[in-house]
Amino acid sequence: MGEAIKNRYEFVVLFDVENGNPNGDPDAGNMPRIDPESGLGIVTDVCLKRKIRNYIETVKEDEKGYKIYIKEDVPLNRSDREACTSVGVQETDEKKVTEALKKLKKNEPGTDEKLRDYMCSNFYDIRAFGAVMTTFVKAALNCGQVRGPVQIGFARSIDPVMSQEVTITRVAITTEKDAENKSTEMGRKSIVPYGLYRVEGYISANLARRVTGFSEDDLELLWEAIINMFEHDHSAARGKMAVRELIAFKHSKELGDCPAYKLFDAVEVIKKENVFYPRKYQDYVVKVHEEEIPDSVEVKRMI
């Protein structure tokens, strides 16, 4: 995995959706998330990190150092116990594990660091995003909450989006009675006809060095995962989704050369003239105003 990164980064990602639901809201019948005041579409950070995790899991297939901690149907305690075993705690009962860890911490002051380092070195998403590890929290260990160097915000659409409900029919029948009645079922699905979304992210070299060890190899894998996060996750519900731009800003030093907002403000997405209802990526122009960016910050357009 190599040495921790030495430069601070910020990045901007532009992705779009066509005739799909990029992120359903369970509190609103799984309709697309929309800001009620502005009408702008929303995709949560949790949704985007899930796509990145899924890509890493698909590509690495639990390769050593690249396991995924937050996985569907896998209890977090199961992964935590791997770390417990590495420091000599062999108990399987949850209460006994907690007691054993508390006892170990009293006898060995470096237990926190050993457990944290084990989890960070084995699980890519902890190394990148951090995690709350419930087993260690219950044992009052400082390593229970790890703050990761990679932070991603909510994505918002460039222009207001409109959620449409599409009526669908189900011709497949379940029972013989349905066959006799020749009945079909009606249903609905919610879609966004088109939306271009923008999300901004941060990568702290300071946290990478001090806490998780997020390396240059991890960084390259992160860029690859962001670019391809929708390529292996297609479904009828999500429609056509694609990452259109990944613009990364590399500072010359660990703590950075300027505030992040100045770099984000330098990326401008403009709807073309005479386009009233955007329906494709080509209806927009993306400009990076490099004259507003300090010379010590390197700009990379990766797509």
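What covers the buried residues of α8?

1. The model is a predicted one, in which local features need pLDDT of at least 70 and side-chain atom pairs count only at pLDDT 80 or more, while totals for chains, interfaces and linings use all residues. Residues are numbered from 1 along each chain as its sequence is written, and side-chain values use heavy atoms, with hydrogens and water left out.

2. The cover over the buried residues of α8 includes α4, α5 (124–129), β6 (145–147) and β10 (185–203), where helices (H or I, at least four residues) and strands (E, at least two) are DSSP runs numbered from the N terminus. Six of the eight residues of helix α8 (residues 205–212) are buried, so this helix is largely enclosed by the rest of the structure; buried means under 20% relative accessible area, with exposed over 50% and partly exposed in between (1.4 Å probe, protein chains only). The buried residues are A205, N206, L207, A208, V211 and T212.

3. At the start of α8, a side-chain oxygen of S204 comes to within 3.4 Å of the backbone nitrogen of N206. The helix is followed by G213, whose phi is positive, near 80°.

4. N122 lies in helix α4 (residues 111–122) and, with a relative accessibility of 13%, counts as buried. The N122 side chain reaches the backbone oxygen of Y118 at 2.8 Å. Leaving aside residues up to four places away in sequence, N122 touches G65, Y66, K67 and R127, contact meaning heavy atoms within 4.5 Å.

5. Helix α2 (residues 76–86) packs against α4 at an angle of about 130°, with the axes 9 Å apart; axes are lines fitted to C-alpha atoms, for helices over the stretch in contact, and angles run from 0 to 180 degrees between N-to-C directions. That makes α2 oblique to α4, given that angles under 35 degrees count as roughly parallel, over 145 as roughly antiparallel, 65 to 115 as roughly perpendicular and the rest as oblique. On the α2 side S79, D80, E82, A83, C84 and S86 meet L115, Y118 and M119 in α4, a contact with five nonpolar, two polar and two charged residues.

6. The axes of helix α1 (residues 45–60) and helix α9 (residues 216–227) come within 9 Å and cross at roughly 110°, and the two helices are therefore roughly perpendicular to each other. Here I52, Y55, I56, V59 and K60 in α1 meet L221, L222, E224, A225 and I226 in α9, and these residues divide into eight nonpolar, no polar and two charged.

Key:
Ala, Val, Leu, Ile, Met, Phe, Trp, Tyr, Cys and Pro count as nonpolar, Asp, Glu, Lys and Arg as charged, and the others, Gly among them, as polar. A polar contact is a pair of N or O atoms within 3.5 Å; within protein, one must be able to donate a hydrogen and the other to accept it, and residues adjacent in sequence count only if both atoms are side-chain atoms.
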